[in-house]
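The following briefing accompanies the sequence and the model shown below. It is arranged by topic and is intended to be read with the structure in view.

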Amino acid sequence: MFSTLLLLVAALIALVMLIILLFGLALYLCAVFPYSMLTPPFVPSSRKLTTLIAETLDLKPSSVMYELGAGDMRVSIACWRKEPNAAYIGIDKHMLPRILARFNIWRYGAGKQVSVHEGDLYATDLTKATHVYCYLFPQAMQKLLPKFQKELKSGSLVVSLDFEIKGEEPERTIDLTPYNLHLGKTLYVYRF
Ligand SMILES: C[S@@+](CC[C@H](N)C(=O)[O-])C[C@H]1O[C@@H](n2cnc3c(N)ncnc32)[C@H](O)[C@@H]1O
């Protein structure tokens with residue numbers, strides 16, 4: 001009797017774990033497929049680069065940073081650890097990255113200054129931004145250019161991993177080949 005009960009409990013636990021696993025897998029597939037050149041999939045920036053990106057963004061206590069296509073917000077959190085008084089806003093249309101971002105925000109206790117929101121990055125109001133971080137696709141950066149020109153305050157910094165904005169002269173570019181990464185070859189820094 002006792003062993004049957006034990007077996008039943010074990011089976012129930014296994015079933016719940018399987019459901020959680022399948023739900024996680026479904027969320028992951030939704031965040032990765034289908035993607036288009038204007039809807040980049042959830043592929044986070046390399047952890048090896050977050051310190052360099054935070055140094056490059058160089059936020060001040062009064063800064064407001066938007067991470068467009070927030071992912072798990074590892075970059076925003078690295079920036080927050082360097083400058084905990086600035087404000088960090090992540091925008092992501094997919095549920096899985098937002099769940100991971102919320103978990104990271106909670107894990108680091110960054111909830112006062114870091115937040116993530118469901119939304120379309122192309123429809124996000126950037127008028128309050130002083131800094132923007134993107135790891136998207138070339139077409140996405142091109143679509144964002146007129147928005148940057150129209151909405152960003154003079155002097156705002158846009159940092160893009162791997163994808164340049166054609167027709168816009170970067171203030172500087174940082175060669176990432178010494179990091180020897182599969183993804184992450186160049187950091188583009190634009191001043192608007
Ligand atoms: C390449 S990942 C970058 C994630 C994160 N910024 C990083 O560097 O680790 C791109 C992210 O953009 C999100 N995304 C794609 N299209 C979007 C859109 N139109 N609006 C909001 N988020 C979008 C994806 O869900 C994904 O999390």
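**Phenylalanine 163 and its surroundings**

Not counting residues up to four places away in sequence, phenylalanine 163 touches Leu136, Phe137, Pro138 and Met141. The model is a predicted one. Phenylalanine 163 is found in the loop between β5 (157–161) and β6 (172–175). The points below take up this residue again, and then the chain, its sheet, its helices and several single residues.

- Phenylalanine 163 counts as partly exposed, because it has 18 C-beta neighbours inside 10 Å, whereas a buried residue needs 20 or more.
- Phenylalanine 163 and leucine 49 are 114 residues apart along the chain, and their C-alpha atoms are separated by 15 Å.

**The chain as a whole**

- The protein chain contains five helices and seven strands.
- In sequence order, these elements follow the pattern α-α-β-α-β-α-β-β-α-β-β-β.
- The C-alpha trace of the protein chain spans about 75 × 35 × 35 Å along its principal axes.
- Of the 192 residues in the protein chain, 32% are buried.
- When contacts between residues at least 6 apart in sequence are considered, 66% of them join residues at least 24 apart.

**The sheet**

- Seven strands form an open sheet in the order β3-β2-β1-β4-β5-β7-β6, and the pairing is mixed.
- The edge strands are β3 (114–118) and β6, each of which pairs on one side only.
- On average, neighbouring strands of this sheet are turned by 15° against each other, with direction ignored.
- Strand β4 (residues 131–134) and β5 run parallel and are joined by four bridges.
- Cysteine 134 stands opposite serine 160, a residue of β5.

**Helix α2 and its packing**

- Helix α2 (residues 50–57) packs against helix α3 (residues 74–82) at an angle of about 60°, and the two axes are 9 Å apart.
- α2 is therefore oblique to α3.
- The crossing of these two helices, α2 and α3, is right-handed.
- On the α2 side the contact is made by Thr50, Thr51, Ile53, Ala54 and Leu57, which meet Arg74, Val75, Ala78, Cys79 and Lys82 in α3.
- The residues of the contact of α2 with α3 comprise six nonpolar, two polar and two charged.
- α2 also lies across β1 (64–68), β4, β5, β6 and β7 (186–191), and runs at about 160° to β5.

**Burial of helix α3**

- Helix α3 is mostly covered, with seven of its nine residues buried.
- These buried residues of α3 are Arg74, Val75, Ser76, Ile77, Ala78, Cys79 and Trp80.
- The elements that cover the buried residues of α3 include α2, β1, β2 (87–92), α4 (95–108), β3 and β4.

**Phenylalanine 148 in helix α5**

- Phenylalanine 148 belongs to helix α5 (residues 138–151).
- Because it has 19 C-beta neighbours inside 10 Å, phenylalanine 148 counts as partly exposed.
- Apart from its neighbours within four places in sequence, phenylalanine 148 is in contact with Val158 and Phe192.
- Phenylalanine 148 and alanine 129 are 19 residues apart along the chain, and their C-alpha atoms are separated by 10.0 Å.

**Residues with a positive phi**

- Most residues other than glycine have a negative phi.
- Aspartate 58 is not a glycine, yet it has a positive phi of about 45°.
- Aspartate 58 is placed in the loop between α2 and β1.
- With 13 C-beta neighbours inside 10 Å, aspartate 58 counts as partly exposed.
- Methionine 73, also not a glycine, has a positive phi of about 65°.
- Methionine 73 is placed in the loop between β1 and α3.
- Methionine 73 counts as buried, because it has 30 C-beta neighbours inside 10 Å.

How values were computed
Residues numbered from 1 in each chain as written. Predicted model: local features only at pLDDT ≥ 70, side-chain atom pairs only at ≥ 80, totals over all residues. Axes fitted to C-alpha atoms, helices over the stretch in contact; angles between N-to-C directions. Parallel < 35°, antiparallel > 145°, perpendicular 65-115°, else oblique. Left-handed = near helix turned anticlockwise from the far one by under 90°. Contact = placed C-beta atoms within 7 Å. Nonpolar A, V, L, I, M, F, W, Y, C, P; charged D, E, K, R; others polar. Buried ≥ 20, exposed ≤ 12 C-beta atoms within 10 Å, placed from the backbone. Pairing = 2+ DSSP bridges.
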